[in-house]
Amino acid sequence: MGSSLLPSVTASSRIAVTALCTFWIFSELVAAKHAGITRHYKFDIKLQNVTRLCRTKSIVTVNEIPIIFGEWWKADTEKIISQALQTGGAPNISDAYTINGHPGLLYNCSAKDTFKLKVKPGKTYLLRLVNAALNDELFFSIANHSLTVVEADAVYVKPFKTQIVLITPGQTTNVLLKAKAKAPNSTFLMAARPYATGPASFDNTTTAGVLEYDRNPSATNTKSKNKKLPLLKPSLPVFNDTTFATAFVKKIRSLANARFPANVPRKVDRRFFFTVGLGLLPCSKNKTCQGPNNTMFSASVNNVSFVQPNIALLQSHFLNRSKGVYTNDFPANPPFKFNYTGTPPSNIMTAKGTKAVAIPFNTSVELVMQDTSIIGAESHPLHLHGFNFFVVGQGFGNFDPSKDPVKFNLVDPAERNTVGVPSGGWVAIRFLADNPGVWFMHCHLEVHTSWGLKMAWVVNDGNKPNQKLPPPPSDLPKC
């Protein structure tokens, strides 16, 4: 069993509830950047045999506190995705979700594969939640304990209490857990299960860990120490509870004070409207595909399904050799208007291309992302590399450019790097393009990214030396 006794640090303690060490480091680096200090980390990365769900295979392990929200497949994941891309169908769903790499006691053959978290009565702990599941947003809760949300995507938020947290793939959420004043005569299940809105099948199971209280040995007699304590379970929403999901997301607001201001761009230089959703591609000749009428499933932004190039976009941009690699003609609007959340158009085939949007340094951008009902409406967690952005508005149905912008929150909107486009709805973000380079924006559902739901922003150099893209390192491997 995985377990961790959390050391106390004055009034509060910290543990990393994390899925990938890189996510955990990112939040630390953000804090270090603002504090003007440099942090150094040493990792012991090993290939190790582990057994889960009665199957053993080799995985990479890291010597950090590995509390993971992830997914587990018994089969080889590379083969799963390779087969899906060849046939144009969806990859096989996972066999389990995991917390800290452990499926938990609710799965068959997994009673010993349960993460245990020990806490001391009366202490307050900071839990760093990260969702590294490939294809599912997750609800998370700890039985009989409330959580106070204090940070999202490494940015402080107005604190609020909740029994349940919603977290999409790629997002991070820091919560305070206040342990009870006295060790109760119970143990508590911490559980996570999916929030799913799309038409495809999904892993509708629950991963679980156990929260235990550290008991004072001198105050515990032998009889009570050997007594098995009852295990209390949390109540999680049903898998498609969009009402809860919407209410939770709306509670996340920036601090917006003198020390931590919300620098929302008030003046907008460029406006974009992107549709995000699914579609179809024709099957290759003499092949059998798993999409409708022998087609292949695809995903797109503004009906462009992104084709991964063989040469790095950043390298091509820096060397000014984009010809034959990518083009800067990504459409600012959909190729044609339709009832995005109503009856789909008759032609739902997508175009293919390696296209980017090129904008000058320091451009203030407003982007509305609209879900579509093509094949099926679905929530899409969109992640933008290189920038934080402000979530100034969201709603259901089709975005109305004449009515919806007047309701935008420009005072204390959430500042994030990953946001869920609501199923059958839209979300509006603003950001300042002050980071030169080439930056991907993609759906954080791996299946949709594999199908092409991604694009790139090219931010050109500014005039000052510190506004220009630095050259690659001298030891960059040559292709």
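Helices (H or I, at least four residues) and strands (E, at least two) are DSSP runs, numbered from the N terminus. Asn100 has a phi near 60°, a positive value in a residue other than glycine. With a relative accessible area of 7%, Asn100 is buried; buried means under 20% relative accessible area, exposed over 50%, and partly exposed in between (1.4 Å probe, protein chains only).

Asn293 also has a positive phi, near 55°. This residue is found in the loop between strand E17 (270-282) and strand E18 (295-301). Asn293 is exposed, with a relative accessible area of 78%.

## Basis of the model

Residues are numbered from 1 along each chain as its sequence is written, and side-chain values use heavy atoms, with hydrogens and water left out. In this predicted model, local features need pLDDT of at least 70 and side-chain atom pairs count only at pLDDT 80 or more, while totals for chains, interfaces and linings use all residues.

## The chain as a whole

The secondary structure comes to six helices and 29 strands. Of the 479 residues of the chain, 50% count as buried. The accessible surface comes to about 23600 Å², and 53% of this belongs to carbon and sulfur atoms; accessible areas come from the Shrake-Rupley method with a 1.4 Å probe, and for residues only the protein chains shown count as cover.

Among contacts in the chain with a separation of 6 or more, 77% are between residues 24 or more positions apart. Contact means heavy atoms within 4.5 Å.

Strand E7 (residues 115-119) has a covered face made of Phe115, Leu117 and Val119, and an uncovered face made of Lys116 and Lys118. In a regular strand the side chains alternate between the two faces of the sheet. E7 is joined by four bridges to strand E15 (residues 207-213), and the two run parallel; strands pair if DSSP finds at least two bridges between them. The bridge partner of Leu117 in E15 is Leu211.

Leu106 is placed in the loop between strand E6 (96-99) and E7. Leu106 is partly exposed, with a relative accessible area of 43%. Together with Leu105 and Leu231, Leu106 forms a nonpolar patch on the surface, with about 220 Å² of accessible area. Patches are made of residues with over 30% relative accessible area and no salt bridge: like charges are joined within 9 Å, nonpolar side chains (Val, Leu, Ile, Met, Phe, Trp, Tyr) within 5 Å.

## A five-stranded open sheet

Five strands form an open sheet of mixed pairing, in the order E21-E29-E28-E23-E26. E21 and strand E26 (418-421) stand at the edges with a single partner strand each, so one side of each is left without a neighbour in the sheet. On average, neighbouring strands of this sheet are turned by 20° against each other, direction ignored; axes are lines fitted to C-alpha atoms, for helices over the stretch in contact, and angles run from 0 to 180 degrees between N-to-C directions.

Strand E23 (residues 380-384) and E26 run antiparallel and are joined by four bridges. His383 stands opposite Thr418 in E26.

## Salt bridges

The structure holds nine salt bridges, defined as a side-chain nitrogen of Lys or Arg within 4 Å of a carboxyl oxygen of Asp or Glu. One of them joins the side chains of Arg416 and Asp153 (3.2 Å, N to O). Arg416 is in strand E25 (residues 414-416) and Asp153 in the loop between strand E10 (147-152) and strand E11 (155-162), so this pair links parts of the chain 263 residues apart. Both Arg416 and Asp153 are buried.

Asp329 and Lys355 meet in another salt bridge (3.3 Å, N to O). Asp329 lies in the loop between helix H5 (313-318) and strand E20 (351-353), and Lys355 in the loop between E20 and strand E21 (356-359), so the pair ties together parts 26 residues apart in sequence. Asp329 counts as partly exposed, at 44% relative accessibility.

The side chains of Arg430 and Glu366 also form a salt bridge (2.8 Å, N to O). Arg430 is in strand E27 (residues 425-433) and Glu366 in strand E22 (residues 363-371), 64 residues apart. Arg430 counts as buried at 5% relative accessibility, and Glu366 counts as buried at 5%. Salt bridges that share partners join Lys158, Arg253 and Asp412 into one network.
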